Amino acid sequence: MAAEREPSLLAAVRPTDFEVLEDGNTVFASPVSTLESSPSSPEPASLPAEDLSTNSNGPKPAEVMPDDDREDLFAEATEEVSLDSPERDPVLSPEPTPAITPVTPTTLVVPRMESKSVTAPVIFDRSREEIEEEANGDLLDIEISVSDPEKVGDGMNAYMAYRVTTKTSLSMFHKNEFSVKRRFSDFLGLHSKLATKYMHIGYIVPPTPEKSIVGMTKVKVGKEDSSSADFIKKRRAALERYLQRSVKHPTLLQDPDLRQFLERSELPRAVNTQALSGAGILRMVNKAADAVNKMTIKMNESDAWFEAKQQQFENLDQQLRKLHASVEALVCHRKELSANTAAFAKSAAMLGNSEDHTALSRALSQLAEVEEKIDQLHQEQAFADFYVFSELLGDYIRLIAAVKGVFDHRMKCWQKWQDAQVTLQKKGEAEAKLQLANRPDKLQQAKDDIKEWETKVQQGEEDFEQISKTIREEVQRFERERVKDFKTVIIKYLESLVQTQQQLIKYWEAFLPEAKSIA
């Protein structure tokens, strides 16, 4: 397979048996800054290997299955999604099942983080397939809510604590309902652990809300105004959506760090989450290095699916950003309209009080009352514009950045595989020179080096095939969730607009007889 993609790379090498690499060399160079996980946090699970095709550099495309709901409002978007399999009946065990150790084939693709090799799989209470069946069928019985934001401490050492409540019937949890207190840095620490474990092997990890130094500084210094209250409401809602998306992911839900976050009353303090900390500076440097690498690494993409999806997400990112800016402007417009309506109501009331004509004075006073009610409607609609529509767009802008991140990790995996092939070719050329120079003392070492790099090439190819397969599955799942989320939000948004307009009509119809009675 490698020979077809990179001609003549293995031509000079003596064929030997391939072996699975068991050393600790890094396969995926993750730019994500690794946090110190808790002592009870095991390494991530090993990925099962797949049968590799000998005619392509990626896994075979999944067979396209017809969508069950062709009459859906978003049928056109749904038809673009290639599903691996039709929806299946959920598998729910009525009783807690014993822990199952995943059985994997001998040829194993082992996910690695930095320079450490994974030595033990995570033992899950239930199989990933069972959880994924439930997730695809929308039957995952788990509800997450974030509520009761509370300021803890004073001055610049103050922070906001949130109550995270979980309701579930899944047997992997010890109780059906439980709640814990978490601060914002705990959410950042959880995301960093999940991203370090899973993004470099192709899983899309939902991002946390963005940090706001200005907004949090206002809260810390005790400046209580409408902007501080809005900031806390916005962050609470964003943290809730972050957790809801994380527990919907069948693999992330099985992760012990996520389950500890939801269940454990006290967590070790998340470190290195500050923007100006040493780890924060390192993250900035890593991002800059990644940007340079993406410009220097030129991947010869032979898989049309990946090429099309990368272009699709680039276009989607641009359009979402434009729409998000437009909705933000609409929110500001409605807030200005609300303020102007309130000023109009106040002026009409003052004019009514100074009017000598009784009927006209009464009509102006009632007009002021109607305008005050309309002012309230404009505020509610601005609230709906922001929390229903604008926040969804902001979430998906960050989610698409995560999707593009796993594509970058696939490119790094490909680059590592290509580097291994180039090194193997050089080792083969060195062996040939030693044979011509009749240097038997160094010939055996050269043969051992060739065998080692043949194993690395084989491992690199398997890792590339596996991350490609995982990304395909993750993108298909992401597309299903995206269509579902946008459908739900657009319907909710339209219903709020219709309700607002109907209420406006009722207010004006009730005022019309009073205006006509002016004589």
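Let's open at the start of H10, where a side-chain oxygen of Asp303 reaches to within 2.9 Å of the backbone nitrogen of Trp305. That is a polar contact: a pair of N or O atoms within 3.5 Å, where, within protein, one must be able to donate a hydrogen and the other to accept it, and residues adjacent in sequence count only if both atoms are side-chain atoms. Helices (H or I, at least four residues) and strands (E, at least two) are DSSP runs, numbered from the N terminus.

Some ground rules. This is a predicted model, with local features needing pLDDT of at least 70 and side-chain atom pairs counting only at pLDDT 80 or more, while totals for chains, interfaces and linings use all residues. Residues are numbered from 1 along each chain as its sequence is written, and side-chain values use heavy atoms, with hydrogens and water left out.

Back to H10, residues 304-354. Its 51 residues should span 75 Å at 1.5 Å a residue, and the end C-alpha atoms are 75 Å apart, which agrees. The expected span is 1.5 Å times one less than the number of residues.

Next, a helix pair. The axes of H11 (residues 358-436) and H12 (residues 440-516) come within 9 Å and cross at roughly 170 degrees. That makes H11 roughly antiparallel to H12, a label for angles over 145 degrees. Axes are lines fitted to C-alpha atoms, for helices over the stretch in contact, and angles run from 0 to 180 degrees between N-to-C directions.

Arg398 sits in H11. What does Arg398 touch, not counting residues up to four places away in sequence? Pro207, Thr208, Pro209 and Glu210. Contact means heavy atoms within 4.5 Å. Pro206 is 192 residues from Arg398 in sequence, yet 8.1 Å away in space, C-alpha to C-alpha.

Now the sheet. It is open, with 3 strands in the order E3-E4-E5 and antiparallel pairing. Two strands pair if DSSP finds at least two bridges between them. The edges are E3 (142-152) and E5 (177-183), each pairing on one side only. E3 and E4 (residues 159-168) pair over 9 bridges. Val146 stands opposite Val164 in E4, and Glu143 has Lys167 as its bridge partner there. The E3-E4 hairpin has 6 residues between the strands, and Gly153 takes a positive phi near 90 degrees.

Two helices lie across this sheet. H8 (residues 256-263) lies across E3, E4 and E5, at about 95 degrees to E5.

How values were computed:
Angles under 35 degrees count as roughly parallel, over 145 as roughly antiparallel, 65 to 115 as roughly perpendicular and the rest as oblique.
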